[in-house]
Amino acid sequence: MTSSKKQARISLRDALVPVRAGQRLTLGARAAAPPSSIPDKKALEERTAALLKRLETLQAAFHADGSRALLLVLQGRDAAGKDSTIRTVVGACNPMGVRIASFGPPSTLELRHDYLWRVHQAMPPRGVIGVFNRSHYEDVLVVRVRKLAPESVWKPRYRQIVEFERMLVENGTVIVKCFLHISHDEQRLRLQERLDDPAKNWKFRLGDLEDRAHWTQYTNAYRDMLSRTSTAHAPWYVVPADEKRVRNYYIAQLLVKTLESLNPKYPRMDPAVSRAAHGFT
Ligand code: ADP
């Protein structure tokens, strides 16, 4: 067995299962905590390190292969760890083959278009892993909870998003969606840390507190989002994210699993190049 195969075998234990279409999740504190099957700290760190090494190898081939694009959607409440996931997990990849897009409140121009306009433009091209730090799902989350549009506008979006993602998948993009799930208590700790740490203060927005005050409304909105938009072609995974190590482990595992299923191959050298390069000095 090659060493890369050994790494793959290590990686695929305790895999997360996708949300089933129509599944109603409670999204309570228990689902945010590490599952009991999770290995101890040292074993987890070793496995994650092996996964990240494997991710680096697979991404190099995926980038060179250039036949498919991969989109990783990261959604979660404030301080759920979206930025940190990008730094620690996606950071294992060569930045040449990665495109990160963050979605804040739409600009005046974006508001004059349909809500998927800016999203479509940010999609990764073939050979690239795109990461959405928030996404088009804000248009059925914040827009619903903060009543930025009436129900008659946001409700049809579940269907529109499923259809939009189907079109993307049928045209060569693989989509994996992660909801980073943190508990109410863990968010309080992390927001407090942001207030206390001068290097993190800048991340704190008044809106974070307002969103926290709407905890239950967001839970309902996330629940509907998961049950209505998790599909076989673009599945959602609920990542227990109260423990950063556990979160990283699962997301590294999902990326490795997805890239392995694509079996990326380095292109063969052009025979003309090979002939011309033969015996060059
Ligand atoms: P983050 O909180 O992800 O670190 P920001 O501080 O820039 O990043 O916050 C992004 C904000 O933009 C969030 O409050 C989010 O709800 C909001 N946002 C994203 N997309 C939309 C949208 N389509 N409509 C309204 N608000 C949005």
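The model is predicted, so local features are reported only at pLDDT of at least 70 and side-chain atom pairs only at pLDDT 80 or more, whereas totals for chains, interfaces and linings use all residues. Residues are numbered from 1 along each chain as its sequence is written, and side-chain values use heavy atoms, with hydrogens and water left out.

The ligand is surrounded by 14 residues, a residue being counted when one of its heavy atoms lies within 4 Å of the molecule. The closest are Pro-105, Arg-134, Glu-138, Asp-139 and Arg-205. By class, this shell comprises six nonpolar, one polar and seven charged residues. In this classification Ala, Val, Leu, Ile, Met, Phe, Trp, Tyr, Cys and Pro are nonpolar, Asp, Glu, Lys and Arg are charged, and the others, Gly among them, are polar.

The ligand sits in the largest pocket, in the sense that more than half of its atoms lie within 2 Å of the grid points of that pocket. A pocket is here an open set of points, on a 1 Å grid over the protein atoms alone, where a 1.4 Å probe fits, with protein on both sides within 12 Å along at least five of seven lines.

Polar contacts (pairs of N or O atoms within 3.5 Å; within protein, one must be able to donate a hydrogen and the other to accept it, and residues adjacent in sequence count only if both atoms are side-chain atoms) were examined next. An N or O atom in the side chain of Glu-138 is 3.0 Å from an oxygen atom of the ligand, and one in the side chain of Asp-139 is 3.1 Å from a ligand nitrogen atom. A polar side-chain atom of Asp-78 lies 3.4 Å from an oxygen atom of the ligand. The protein covers 77% of the 570 Å² of accessible area that the ligand has on its own, as computed by the Shrake-Rupley method with a 1.4 Å probe.

Gln-187 belongs to helix H9 (residues 184-196), helices being DSSP runs of H or I with at least four residues and strands runs of E with at least two, numbered from the N terminus. Gln-187 counts as buried because its relative accessibility is 2%; buried means under 20% relative accessible area, exposed over 50%, and partly exposed in between (1.4 Å probe, protein chains only).

The side chain of Thr-229, in helix H11 (residues 215-229), reaches the backbone oxygen of Met-225 at 2.5 Å, and Thr-229 is buried, with a relative accessible area of 0%. Gln-160, in helix H8 (residues 156-170), contacts the side chain of Tyr-115 through its own side chain (2.8 Å). At 28% relative accessibility, Gln-160 is partly exposed.

Most residues other than glycine have a negative phi. Positive values occur at Leu-27, with phi near 55°, and at Ala-79, with phi near 65°. Leu-27 lies in the loop between helix H1 (3-11) and helix H2 (41-65), and Ala-79 in the loop between strand E1 (69-76) and helix H3 (82-88). Leu-27 is buried at 9% relative accessibility, and Ala-79 is buried with a relative accessible area of 9%.

Terms used:
1 Å grid on protein atoms, 1.4 Å probe; cavity = no way out; pocket = protein on both sides within 12 Å on 5 of 7 lines; lining within 4 Å.
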